[in-house]
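This report examines selected residues and the contact between two chains. The sequence and structure are shown first.

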Amino acid sequence: MSAQVIAVPDLTAQQWFSFAEQHGWSDGLPTLVPTVEAVEEFVEVTTGLPASMGPIVPSGVNADIRSLAANALMAGCSPSAFPVVLAALKAMLADEFNPLGVLATTHPCAPLILLSGRARDIAEVNSGSNCLGQGRRGNATIGRALQLILANLGGSRPGELDKATHGSPAKYTFCFGEDEQGSPWEPLSVRRGFAPGEPVVTVFAAEGPHNINDHGSTCGEQLLTTIAGTMATPGSNNFYLNGEHLLIFGPEHAETLARDGWDIDGVRQALHGLARISADFVSAGKRTELAARGIEPDSGWYKMAGGAECIQIAVAGGPGKHSVWIPTFGTSRCVSIVV
Amino acid sequence: MTIVTTAFLALATAQARLRNHKDLSFVVVTHPVGGLGASQLADRISEAVPQLQGP
């Protein structure tokens, strides 16, 4: 599909909001007017990139760069952040992300966009206090741009091809940066094979964030017990699907673990061993379902389905004794690419 | 033969088209199927059987 220029009557911002909503181009929030001149500003920053990103799922529409730019602009993105949006789109269209499943499922997953290295500077995202919340343009608009592209070009509209039972606030936008300076460990992007500082986008099919409050633990081992207990919940897709978990350690929790000699591999192994669910909390019907998948309890305890390698770890956030567990869709793998 | 519930027919049709199976036919039953008791499940089977047998 090539971008079509649509003649729109002279509208106020408020009238445009209603106009776009009536045409099904909005996520319910106001959008900016994608004038030809404004779209060209976005196209200028994509010099050297392909003129099309290929078919956008689930519609299969082969969207050109101007159609993509119009949606990023409508979302409120800055032109300089547009290459980050395109990288996130490319990552989530990879087969291992399972985009058709992620977009169609009844599960409330959203494409989470985690930025590492110089991608954080390009996009001007928050990786500190309240990085999963409101307050910064990059965080607020990059995820939103991706969602508008998926809805307006991909056809992934709620209740139609997006069959999420409840959805999640994360489906408006879910984008933040790693706090590489505040982390005692190598960034996720480096552990995934990229050079330090390289601008990397990693996408996950993620639920909303689940807080892990632990003010009481005084050592790493105690902290891991709390985190594992939070991860072990029978209602999670991660319980029975071989899916990934994303753990976002607050810098203070990360520092406690590092102080006590825990490296990333050690943390993953420990959590995999500790995150267990008592069979007493699993219904008879659910046990039958699990057994059909070859999942049985060991001495009255179920392990979370995925192995230690399914636990992905990054550091972000501000001061405080909190970390975050983010379960995923399950039948999807995170994908990282360079911007 | 692919069985789909009414709530997911539009999605299934779109996915079939995207995966180059435009002519895939569906057996359509009332939503839901998961979590039903035996008698309700029997109703779904009654809906499905004539479709499987064809005209």
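## A helix residue in chain A

A:Val267 belongs to helix 12 of chain A, which spans residues 264–274; helices (H or I, at least four residues) and strands (E, at least two) are DSSP runs, numbered from the N terminus. The model is predicted: local features need pLDDT of at least 70, side-chain atom pairs count only at pLDDT 80 or more, and totals for chains, interfaces and linings use all residues. Residues are numbered from 1 along each chain as its sequence is written, chains are lettered from A and ligands numbered from 1 in the order in which they are written, and side-chain values use heavy atoms, with hydrogens and water left out.

A:Val267 counts as buried because its relative accessibility is 0%; buried means under 20% relative accessible area, exposed over 50%, and partly exposed in between (1.4 Å probe, protein chains only). Beyond its neighbours within four places in sequence, A:Val267 is in contact (heavy atoms within 4.5 Å) with A:Leu224, A:Phe249, A:Trp262 and A:Ile313. Between A:Val267 and A:Leu257, ten residues apart in sequence, the C-alpha to C-alpha distance is 8.4 Å.

## A strand residue in chain A

A:Ser336 is found in strand 12 (residues 335–338) of chain A. With a relative accessible area of 12%, A:Ser336 is buried.

The side chain of A:Ser336 makes a polar contact of 2.7 Å with the side chain of A:Arg192 and another, also given as 2.7 Å, with that of A:Thr202. A polar contact is a pair of N or O atoms within 3.5 Å; within protein, one must be able to donate a hydrogen and the other to accept it, and residues adjacent in sequence count only if both atoms are side-chain atoms. Leaving out residues up to four places away in sequence, A:Ser336 touches A:Arg192, A:Phe194, A:Val200, A:Val201 and A:Thr202.

## The interface between chains B and A

Nine residues of chain B are in contact with nine residues of chain A. The two chains bury about 700 Å² between them, 70% of it on carbon and sulfur atoms; buried area is the accessible area (1.4 Å probe) that two parts lose on being put together, summed over both. B:Phe8, B:Leu11 and B:Leu18 supply 56% of the area that chain B buries against chain A, more than any other three residues.

Two residue pairs are in polar contact between chain B and chain A, both at pLDDT 80 or more. The count of salt bridges between these chains is zero, a salt bridge being a side-chain nitrogen of Lys or Arg within 4 Å of a carboxyl oxygen of Asp or Glu.
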